[in-house]
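Start with the view below, then read the points by topic.

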Amino acid sequence: MTGILILSVISCNYSNAKEDKNNNSKNSVNMKFEKVALPYATDALEPVISKQTVELHYGKHHQAYVDNLNKLVVDTKFANADLETVVKESDGAIFNNAGQIYNHNLYFTSFKKGGSGEPQGALADAINAQYGSFDKFKEEFNAAGTSLFGSGWVWLAKDASGKLSIEKESNAGNPITKGLTPILGFDVWEHSYYLDYQNRRADHLKELWKIIDWDVVSARY
Ligand code: MN
């Protein structure tokens, strides 16, 4: 087992390492898709996200996407592909599960206990230039997440020139399929908030800003 793990680490594709150090995107026959390691305790995000929600969301939902994808890619052209390639090039069930692994790896690494205030550096400058202020940006982002019909994600993304955009995506959608780079994603599937906020999605989105790890998120810009 240890030998396989060491071999896996050596052969990992690190193209996405800055965003997802532990996102073990696979390009070796011995490797399987995995979820990112949780960088905090399951109760660290309380009261914004309860321990029970983290345990179910990370431990059950996210795990299910990983287990599903590992089964689905067997004997397909994606068996040895890295996760980003699978997301960009697949459709149907493979896309749904790969997209959700990618999305949740990004999501769960965007938080820390107590948060860290506001965006920093170049990201802060870009937000202020495009949206007027961080508060105005948050309003627009929350409105996009609240108005998204059904399950999906609201993303802050950038294009190749650094221009920011707020992207609404249904189900497992991700900006990388449009050639954009995701900076921050809020999960608006009911499984992400229903135990803690029931139907009050807007309240949940407002609270999430209190636990953002802006060191990590700003570095994605
Ligand atoms: Mn989710």
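Helices (H or I, at least four residues) and strands (E, at least two) are DSSP runs, numbered from the N terminus. The model is predicted: local features need pLDDT of at least 70, side-chain atom pairs count only at pLDDT 80 or more, and totals for chains, interfaces and linings use all residues. Residue numbers start from 1 along each chain as its sequence is written.

- Two packed helices are described by the angle between their axes and the distance between the axes.
- Axes are lines fitted to C-alpha atoms, for helices over the stretch in contact, and angles run from 0 to 180 degrees between N-to-C directions.
- Helix 2 (residues 51–72) and helix 4 (residues 92–108) cross at roughly 140°, and their axes come within 9 Å.
- Helix 2 is therefore oblique to helix 4. Angles under 35 degrees count as roughly parallel, over 145 as roughly antiparallel, 65 to 115 as roughly perpendicular and the rest as oblique.
- The crossing is left-handed (the near helix is turned anticlockwise from the far one by less than a right angle; clockwise is right-handed).
- Helix 2 makes the contact with residues including Y58, H62 and L69, and helix 4 with residues including I94, A98 and F108. Contact requires C-beta atoms, placed from the backbone, within 7 Å.
- By class, this contact has 10 nonpolar, five polar and no charged residues (Ala, Val, Leu, Ile, Met, Phe, Trp, Tyr, Cys and Pro are nonpolar; Asp, Glu, Lys and Arg are charged; the others, Gly among them, are polar).

**Nonpolar core**

- A nonpolar core is a set of buried Ala, Val, Leu, Ile, Met, Phe, Trp, Tyr and Cys residues joined through C-beta atoms within 7 Å.
- A residue is buried if 20 or more other C-beta atoms lie within 10 Å of its own, exposed if 12 or fewer, and partly exposed in between.
- The largest core has 45 residues, and L69, A98 and I101 are among those touching the most other members.
- Helix 4 gives the largest share, eight residues.
- A98 touches L69, L83, V86, V87 and S90, not counting residues up to four places away in sequence.

**Helix 6 and helix 8**

- Helix 6 (residues 134–147) packs with helix 8 (residues 201–208) at about 145°, axes 9 Å apart.
- This crossing is right-handed.
- N142, G145 and T146 of helix 6 meet R201, A202, L205 and K206 of helix 8.

**W189**

- W189 sits in the loop between strand 3 and helix 7 (194–197).
- W189 counts as partly exposed because it has 18 C-beta neighbours inside 10 Å.
- W189 and R201 are 12 residues apart in sequence and 9.3 Å apart in space, C-alpha to C-alpha.

Key. Contact = placed C-beta atoms within 7 Å.
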